[in-house]
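Please open the model in a viewer and keep the selection tool at hand.

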Amino acid sequence: MVVEDLKKALGPLLEDVRIQDIPEGSKRRSYQCVWVNIRKEGFLTAVRTLFRYGFPHLGILTGEDMGEDLRLVYIFKVFYEEPREEVTVVFSFHIPKLEPVVPSLTPMIPGASTNEREIREMLGVEFRGLKDKRHLFLPEDWPEGKYPWRKDETNVEDMVKRTR
Amino acid sequence: MMMTTTYTYSLPIGPIHPALKEPIRVVAEVEGERVVRADVKRGFAHRGIEFMGMKRNAIQTLYLSERICGICSISHPYAFVKAVENAIGMEAPPRAQYIRTIIAELERIHSHILWLGVIAHEMGFDPLLYWTWKGREMVMDLLEYLTGNRVNYAMYMIGGVRRDLNEKKIRAIKENMNYYRQFNQEMKDVFMSDPTYKARTRRVSLLTRKDALELCAVGPTARAAGLRMDIRQDQPYDAYADMDVRAVVPQDITGEVMGDAYDVTLVRLYEIDQSIEIIERCLEDLPPGPILAEPNLIKLLMTIKRSEGEGVGRHEAPRGEVMHYVRFDGTRDGPVAWKVKAPSYNNINIWGRVLVGAEIADIPIAVGYIDPCMCCNDRVAEVRRGGRELPYEEVRRKCREKTMRIKREVMG
């Protein structure tokens, strides 16, 4: 159901979908994890689609430096509160390093502020519409333009103290 | 007519404070005794553990994940092994799945009792802290007997567990469960019948269902607000998939949802009963067979090195949902991307809401309510000069006035 709705809502913005069935227990009853690769333009539409099934729970927001660009991974769960019905939905998309801007989820999910503040300071992604732009884990006097999770010249290799 | 001006004071609590067990800073803006605004600064113990994990191999990262938290030291490895197994397409043998569930539930028992003691301590009810923690020692000893350690059990492995349960150990668990069935009954009697406890927790740190959803609350915090959210029920894994676990919510216990600190106590007390049931069920149905899918660890690391893929692992920890994300790229034997999300990461979000309108004396309870578990490092708190200083005499006079007022209100 989730896959059909996403396909209809996103159209060409949806790159590919993979449904992972994970068997558990001695009776091997399985649950589903849906991996969805999308284009960055379709991100808000994709999240809005999840709102059809109730308030989606944002599990993880993470990102990775892929060299040329940044990859963001949003993990949601839908149909929770129902025994054995829950489905994990993972959205991932690439954004260019030169313009790392994505729309913020905070107008829809206020709790996403924490996740976005972390990715903002760790990976240097700018969230359009995020009101609270203070550091989350890093100290307030953290140097600008330094991102611990980046793998290019803006990373923190020169700040790491090596001990032997 | 005299003009009165209302001052608000900024009251910093933490990073080091008697009411907090771990470093975090809550800055409460207070007007008289009422909190009008609250802000949280976290990260005092941020150790960059994900950064370290991305430079190690998967088995080293597993032990590193165990050291994220000292109380729930099985929850992070649990989510991590599930994530790795999902990423490389490995399945643990049934016996290992059952043993994992047993250890995870034993941990829930000790963690919930720990919280019950802490919350009693936060309200100044120390005899209750000593009594509950005395009861907690039994399960700690049992965990030491089963795994070799009181914390950081090193029990889980990618594709199974490292130690088996024999007849003697099973008997020890059964005896322990009989003890806890009785001890939990006594705890319920104390916590639910004590008027002081009820007075200090009813209607304190109220969380509505809407707020819990919007602020992404998880675990007992979300369940106390009436959300039937429990991964063991929604997306059962390991031995939970063979039984029907149901989320413990206050509407099933008392018939109404308040979403306050009293409800969260009820949820935790009844979850101990649920854990005992789950453990006994697991022992009854414990399947025979191997405990590791791949006993040769070199081979396991080679499999990981050749695998390409990503996985999500989740576990319902005592405090709520723990979620790990890993990605392997087929070039190294460790994760190239690893993200950890602990339950307190989400649950601290609610402080900003539940503290508004609370009294200063309720701050420790509202803060302790979610059972915070910070994995955070320390820096110096800066105190800027300025503001208005109250003379000692005036503070004393105000205190006396308040005591007299409350006395009049209480005595009628």
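Select Tyr325 of chain B: its bridge partner in E8(B) is Lys339(B). The model is a predicted one, in which local features need pLDDT of at least 70, side-chain atom pairs count only at pLDDT 80 or more, and totals for chains, interfaces and linings use all residues. Residues are numbered from 1 along each chain as its sequence is written, while chains are lettered from A and ligands numbered from 1 in the order in which they are written.

Strands (E, at least two residues) and helices (H or I, at least four residues) are DSSP runs, numbered from the N terminus. Two strands pair if DSSP finds at least two bridges between them. The open sheet here has 3 strands in the order E6-E7-E8 (chain B), with antiparallel pairing. Its edge strands are E6 (308-317) and E8 (337-341) of chain B, each of which pairs on one side only. Neighbouring strands of this sheet are turned by 10 degrees against each other on average, direction ignored.

Next, display helix H3 (residues 75-88) of chain B, which packs on the sheet and touches E6, E7 and E8 of chain B. The direction of H3(B) makes about 150 degrees with that of E6(B). Such angles run from 0 to 180 degrees between N-to-C directions, and axes are lines fitted to C-alpha atoms, for helices over the stretch in contact.

**Two helix pairs in chain B**

Which residues of H2(B) meet H3(B)? Ala58(B), Leu62(B), Ser65(B) and Glu66(B) in H2(B) meet His76(B), Pro77(B), Phe80(B), Val81(B) and Val84(B) in H3(B). Contact requires that the C-beta atoms of two residues, placed from the backbone, lie within 7 Å. By class, this contact has 6 nonpolar, 2 polar and 1 charged residues. Ala, Val, Leu, Ile, Met, Phe, Trp, Tyr, Cys and Pro count as nonpolar, Asp, Glu, Lys and Arg as charged, and the others, Gly among them, as polar.

Now select helix H4 (residues 94-122) and helix H5 (residues 126-147) of chain B, which pack at an angle of about 165 degrees with their axes 8 Å apart. H4(B) and H5(B) are therefore roughly antiparallel to each other, and H4(B) passes H5(B) in a left-handed crossing. The residues of their contact divide into 13 nonpolar, 5 polar and 2 charged.

**The two domains of chain B**

Colour chain B by domain: domain 1 comprises 9-41 + 350-411, and domain 2 comprises 49-347. These bounds come from an automatic or database domain assignment. The domain centres, taken over C-alpha atoms, are separated by 31 Å. The contact takes 18 residues from domain 1 and 25 residues from domain 2 of chain B. On the domain 1 side, helix H15 (351-354) and helix H16 (363-368) of chain B each supply at least two residues. H16(B) provides the largest share of that side, 4 residues.

Then select strands E1, E2 and E3 of chain B, which form an open sheet of 3 strands in the order E1-E2-E3 with antiparallel pairing. Strand E1 (9-13) and strand E3 (34-41) of chain B stand at the edges with a single partner strand each, so one side of each is left without a neighbour in the sheet. The twist averages 25 degrees from one strand to the next. E1(B) is joined to E2 (residues 25-31) of chain B by 5 bridges, and Tyr9(B) stands opposite Val30(B) in E2(B).

**Chain A and its contact with chain B**

Finally, show both chains: 36 residues of chain A are in contact with 37 residues of chain B. E3(A) gives the most to the chain A side, with 6 residues. That side has 19 nonpolar, 8 polar and 9 charged residues. Within chain A, 10 bridges join E1(A) to E2(A), which run antiparallel; the partner of Asp21(A) in E2(A) is Gln32(A).

Conventions. Angles under 35 degrees count as roughly parallel, over 145 as roughly antiparallel, 65 to 115 as roughly perpendicular and the rest as oblique. A crossing is left-handed if the near helix is turned anticlockwise from the far one by less than a right angle, and right-handed if clockwise.
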